[in-house]
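Thank you all for coming; please have the sequence and the structure open while I talk. I would like to go through the aromatic pairs, then the core, and then some helices and strands.

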Amino acid sequence: MTIEVWAPRAARVRLRRPGLDDVELTAGEAGWWTAPLTLASGDEYGFVLDDGAVRPDPRSRRQPRGVHELSAWDDPASFAWTDAAWTGRQLAGGLVYELHVGTFTHEGTLDAAIGRLPHLVDLGVTHVELLPVNGFNGTHNWGYDGVLWYTVQEDYGGPEAYRRFVDAAHAAGLAVVQDVVYNHLGPSGNYLPEFGPYLRDGQSTTWGSSVDLDQRAVRDHIIDNALMWLGDMHVDGLRLDAVHALHESAASPVHILREIAERVDALSAHLGRPLTLIAESDLNDPVMILPREAGGYGLTAQWVDDWHHAVHVALTGETEGYYADFADPQAPPKTWTGGFYHDGTFSSFRDRDWGAPIPAAVPSWRLVTFAQDHDQIGNRAAGDRLSQSLSAERLEVAAVLTMTAPGTPMLFMGEEWGASTPWQFFTSHPEPELAAATRAGRTAEFARMGWDEALVPDPNDPATFERSKLDWAEPGAGVHARLLELYRALSRLRRARPELTDPDRRGHGAESAGPGRWVLRRDAAAVYVNLSPEPWSIDLDGREVWLATSGAPAGAADAGALVLPADTAAIVGPVSR
């Protein structure tokens, strides 16, 4: 084998192994250094640049003792996969479930998460989306402070446990989507700038220095990482974090997202199974999902925060900050039919016109829609879920809106039973100064927004992490069990009624029927939502109620009216034959 590393900033590079002589690498073209050397699985090694300290391999696949220590060689071909018959899953018609490995179970490991896969199957989930798992400093973290993109955090079980999880998910009929962060690196353990110009001098994102996408080797570092997850690790898709923070010069011949999509499409053709790329984008720009022949990047789908904002304001009445514009009663109908609320309209939060319309030909499943996600919960001061402020009745309405919206619905772990546990912002920075800076920054951020400082938990306090773990005793009893059964029923209804997965946006209509009341249509089906304080009488006109929330009547009705009480919703359609 050949050991190689991109280190254009070094005049000399050596590979160091415990108890053995250093191996000199030979300088090659474009800053690459190589040496013929065979490493066995588990062998520890690192690189010495000039006369500096030993550093982990920038493409390390395993860090058994943390991101500051030696790498360990990992051979993905050594794993005995059992998913040879796996043909993948399309995103169209799917149900995505977002989870954080460290808080999904009490143990916080990938192996423990395997034990909960039957719950997801019963729920009707098709795609399990894991928050970032790549190596970070400390023992627990959201995952967006990662510094070694090719690794799996050892506290989760490392790469071997990751392969076990993917293999088990496939055996259960579940696709795996991995959240990856290519727009910045974490603050501790990032040694990449010692090797080469991975970061752009003088430019930064909200979270740290900007990645220099004008360097060919840096682009390859990203693309090869994407292909590693999808190829070596058998993953079915990637969620690309904050792609609006991927900056490259106008001279770049091809946008990095388009380049990733082209390479992933080629791999998909080779593997013979669908591979999914989902963008998190703040731009409200359909270029992400438009086909490449139409000038787009050709990604599979993108998150739609506007749908979340419209639903959140309708359910909670909150109108602070970026929620202000969504107090418009036309926000739910507009996002239902058009995908974006800001599609070239003025955004008061940004103080400028924002976004562009999505062409009518774009199928609705390319828009991932949700009422809750890790950001919209965890970036609240107290990390509170909707279940901590809404009534049981309104949580049921949220379920109906989420599971019937014209997009690919996504749930955040525990949402399906109205988990009472918060999901807060947590870190485990071993460096006291970094922990203090994170704490101060978090407090100052919410002080500017008018939040009570006392509500903001200390991110580095272990209790913040512990209280964010799901309580798996909850879904079996009381209101939690009732809500869970509603989500299961909604999932079954989506599979049974083609109207609820039809991607043709020309059949999606919506209108406001008065304050707190909406009629949301999908072809012959209609979703009636009553968040007003008074009952609402609806003419069924020979249709039947397919499903209704608690307190609303359900069943067949050849004629007559449906009286929808306050804080209820019902799905109505043609009488079943």
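Let me begin with the rule for ring pairs: rings of Phe, Tyr and Trp, the last taken by its six-membered ring, pair if their centres lie within 6.5 Å, and planes over 60 degrees apart count as edge-to-face. Please keep in mind that what you see is a predicted model. By that rule, the count of aromatic pairs in this model comes to 23.

Take phenylalanine 47 and phenylalanine 195, whose ring centres are 6.4 Å apart and whose planes stand at 85 degrees, so this pair is edge-to-face. Which parts of the chain does this pair tie together? Phenylalanine 47 belongs to strand β6, residues 44-49, and phenylalanine 195 to helix α5, residues 192-195, so the pair ties together parts that are 148 residues apart in sequence. Phenylalanine 47 has 0% relative accessibility and therefore counts as buried, and phenylalanine 195, at 0% relative accessibility, counts as buried too. Elsewhere, ring pairs join Trp142, Tyr144, Phe412, Trp423, Phe425, Phe426 and Phe465 into a cluster.

There are also charges placed over rings. Lysine 334 lies over the face of tyrosine 341, at 5.2 Å from the ring centre, and arginine 239 lies over the face of tryptophan 303, at 4.2 Å from the ring centre.

Now to the core. The largest nonpolar core has 137 residues, and those with the most contacts inside it are Tyr162, Tyr182, Trp229 and Leu238; its largest share, nine residues, comes from α6. Apart from this core lies another, of 13 residues, with Val519, Ala526, Leu540 and Ala552 among them. What does tyrosine 162 touch, once neighbours within four places in sequence are left aside? Its contacts are Leu110, Leu130, Val133, Val152, Val176, Gln178, Trp229, Met233 and Val235.

Helix α6 also holds asparagine 225, which at 1% relative accessibility counts as buried. Not counting residues up to four places away in sequence, asparagine 225 touches Trp149, Tyr150, Val180, Tyr182 and Asp220.

The buried residues of α7 are Ile256, Leu257, Glu259, Ile260, Ala261, Val264, Leu267 and Ser268, and what covers them includes α6 (216-230), β14 (237-240) and β15 (276-279). Just after α7, glycine 272 takes a positive phi of about 75 degrees.

Two of those covering elements, β14 and β15, pair in the parallel sense over four bridges, and here arginine 239 stands opposite isoleucine 278 in β15. From β15, Thr276 and Ile278 point one way while Leu277 and Ala279 point the other way, and all are buried.

Finally, there is an open sheet of three strands, in the order β1-β5-β4, in which the pairing is antiparallel. Which strands are at the edges? They are β1 (2-6) and β4 (26-27), each of which pairs on one side only. Between β1 and β5, residues 32-36, the antiparallel pairing runs over five bridges, and the bridge partner of glutamate 4 is threonine 34 in β5.

Conventions. Residues are numbered from 1 along each chain as its sequence is written. This is a predicted model: local features need pLDDT of at least 70, side-chain atom pairs count only at pLDDT 80 or more; totals for chains, interfaces and linings use all residues. Side-chain values use heavy atoms; hydrogens and water are left out. Buried means under 20% relative accessible area, exposed over 50%, partly exposed in between (1.4 Å probe, protein chains only). Helices (H or I, at least four residues) and strands (E, at least two) are DSSP runs, numbered from the N terminus. Contact means heavy atoms within 4.5 Å. A nonpolar core is a set of buried Ala, Val, Leu, Ile, Met, Phe, Trp, Tyr and Cys residues joined through side-chain atoms within 4.5 Å. Rings of Phe, Tyr and Trp (its six-membered ring) pair if their centres lie within 6.5 Å; planes under 30 degrees apart count as stacked, over 60 as edge-to-face and the rest as tilted. A charge sits over a ring if NZ of Lys or CZ of Arg is within 6 Å of the ring centre and within 35 degrees of the ring normal. Two strands pair if DSSP finds at least two bridges between them.
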